[in-house]
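Here is a guided walk through a protein model, written for someone who would rather look at the fold than at a table. Keep the viewer open and follow along.

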Amino acid sequence: MEFKPSRPLSVGMELELQLLDAQTLDLTDAILPLMQLYPGSSHIKPEFIQNTVEVASSPCNSVGEVEREVHALVVELKQRCRELGIVLCGAGCHPFCERLAIITPLPRYRGIERASGLLGHMQVTFATHVHIGISSGEQVVRMMRELKPYIPVFLALAAGSPFWRGYDTGFVCYRQRILSAARSYGIPPSFESWQRFCDFFETSQRAGLFTSIHDIHWDIRPRPHLGTLELRVMDAQPTVARAAALAALVRALVAYFGRVHDKPRRPGLPRPLPWWLEKENYFQASRLGLGARYFSEEHGTALRLSDVCRNVIGAVADVAADLGEAAYLQRLREDLKGDVPYMRQRGIYKSGGSFKAVVADLVDLLDQEACSDPGVAVATR
C-alpha cells in the first residue's frame, strides 16, 4: 500500500457537531435536508448517523489558518441550520437523547450498519479529528508509536461526555465506553515499520475483516491516501477555538518527535508501556479525566494525570512557540485549572439540575464564538 507524502506538519481538522431541534434541544435526524443546501461540498459533510454534521478544513499551514477556516464554515453553517429550525452544539455525547441512531443512507454506511448490527445504532457519539502531514510511511508508523502513551492526555483534555440518556455516567468521557463495544476502535497496535502495517492490513483484507483503510477506527491511524497521521480520540469540542488548541498540541508533539529522533526525551514525558498498563491508563482517563492516576512506568509508579498533562504542555511549549502557536498551549494550560468541557457540563447540571440547561449552554458557547473573530478567545486568555 502506497503512502502518499504530504507537506510535513500541515494540519487539518474535522469537527463533528450535533444537530438539535431548536425548540427541544434534542437530537434531530436532519442531515439529509441540510445536505441539500451543500451539494457536493468537501467541507460540510454527512457522517455515519443522521443527527451529525461534519465540518472539515482544508490542509492548512498552521493551526491559526485551520481555526479561521473552520470558524467561517461554522458561522455559515449555523445560518443555514437556522433556516431549517436546527441549532448546533459540540460535545462527545448528547446528555438526554434516548433514541437509537438512524444511519445515513450512503453505501459505505449501509455496509457498516449490516456488519455492526445494533452496535451501529448505539454509537451516538461525536468527535474531533486532527490530521498532521507526514513525509513517509515509515514516519507515520513511528509517530503512531510515539503518540500512543499520550492518548490518555488528549482523552482527558478533550473529555466532554459525562452524561448519556439522562444519566450521569460516572465517566468524564463516556463516548469512549460506547465505542469500545465495537471492533477496530481504541488503542492501535505498534508496528515496527510501514511494511509491517501493510502486511497487517493485507492479511485483514484477505480475512474479510476490512475492505478499506476507512474501516480502521483506531484512536491514532495512518491515512495513506491523504499522507497524514490522524488522531481521533478526542470528544467533539464546544468551540472551534478549543478544538484548535488541542490541534496545536498534537502538531507540537509531532514536530517535537520529528526533531528528537533517537535522542533522549525530555524528563516527565510519557513513555511506551506494556499493553495492559496502556489499557488501564486509557480507562482511568475516560473515567476520571484530569483526576485520574496515570501509570508512568511498568513497576506501578502513578502520577496525577493533570500533572502529566501540565508536563507535556510545558515540554513542547518552545516547539509550539517556534510554530507560532504558543497561545494555544497557554489556553490548555489555563483550562487545567478547571475549564475542561466535562467540568463545565457537570457544574451547570449541579447548579441548575437540568440536562437541557447543559445543552443550552453548549449551544450558547458556539453561538457566542460565531459572533467573535477567530483567535480572540485564545489571544485574551
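In this predicted model, residues 24 or more positions apart account for 76% of the contacts with a separation of 6 or more, a contact being heavy atoms within 4.5 Å. Residues are numbered from 1 along each chain as its sequence is written, and side-chain values use heavy atoms, with hydrogens and water left out. Because the model is predicted, local features need pLDDT of at least 70 and side-chain atom pairs count only at pLDDT 80 or more, while totals for chains, interfaces and linings use all residues.

The protein has 16 helices and 13 strands; these are DSSP runs numbered from the N terminus, with helices being H or I of at least four residues and strands being E of at least two. Its radius of gyration is 20 Å, close to the 21 Å that the globule rule gives for 381 residues, so the protein is as compact as a globular protein of that length. That radius is taken over C-alpha atoms, and the globule rule is 2.2 Å times the number of residues to the power 0.38. The C-alpha trace spans about 55 × 50 × 35 Å along its principal axes. Of the 381 residues, 55% count as buried, where buried means under 20% relative accessible area, exposed over 50%, and partly exposed in between (1.4 Å probe, protein chains only).

Now turn to the open space. The largest pocket holds about 1,000 Å³. Of the 43 residues that line this pocket, Arg 108, Ile 112, Tyr 185, His 214 and His 217 are the closest to its centre. Several elements give two or more residues to the lining, among them strand 1 (11-21), strand 5 (127-133), helix 7 (174-179) and strand 11 (228-235). Helix 3 gives the most, with 6 residues. By class, the pocket lining has 17 nonpolar, 12 polar and 14 charged residues. Here Ala, Val, Leu, Ile, Met, Phe, Trp, Tyr, Cys and Pro count as nonpolar, Asp, Glu, Lys and Arg as charged, and the others, Gly among them, as polar.

A word on how such spaces are found: on a 1 Å grid over the protein atoms alone, a cavity is a set of points where a 1.4 Å probe fits but cannot get out, and a pocket is an open set with protein on both sides within 12 Å along at least five of seven lines; lining residues have an atom within 4 Å of a point. Grid points are joined across faces, edges and corners, and a volume is the space filled by probe spheres set on the points.

What about enclosed space? The structure holds 3 cavities of 30 Å³ or more. The largest cavity has a volume of about 60 Å³, and its lining includes Lys 148, Ile 187, Arg 271, Glu 278 and Tyr 294. Helix 6 (151-158) and helix 10 (275-288) are the elements that give two or more residues to this lining, and helix 10 has the largest share, with 3 residues. The lining of the largest cavity has 8 nonpolar, 1 polar and 3 charged residues. The second largest cavity, of about 40 Å³, is lined by His 94, Cys 97, Arg 99, Val 124, Trp 164 and Arg 165. Its lining divides into 3 nonpolar, 1 polar and 2 charged residues.

Next, find Arg 242 in helix 9 (residues 240-260). Is Arg 242 buried or exposed? Arg 242 counts as buried because its relative accessible area is 2%. Its side chain makes a polar contact with the side chain of Gln 237 at 2.7 Å, where a polar contact is a pair of N or O atoms within 3.5 Å; within protein, one must be able to donate a hydrogen and the other to accept it, and residues adjacent in sequence count only if both atoms are side-chain atoms. A polar atom of the Arg 242 side chain also lies 3.0 Å from the backbone oxygen of Leu 157. Leaving aside neighbours within four places in sequence, Arg 242 is in contact with residues including Ala 158, Arg 331, Asp 335 and Asp 339.

Two backbone angles are worth a look as well. Ser 184, in the loop between helix 7 and strand 8 (185-186), has a positive phi of about 70° although it is not a glycine. Ser 184 counts as buried, at 14% relative accessibility. His 261 lies in the loop between helix 9 and helix 10, and its phi is near 50°, a positive value in a residue other than glycine. At 44% relative accessibility, His 261 counts as partly exposed.
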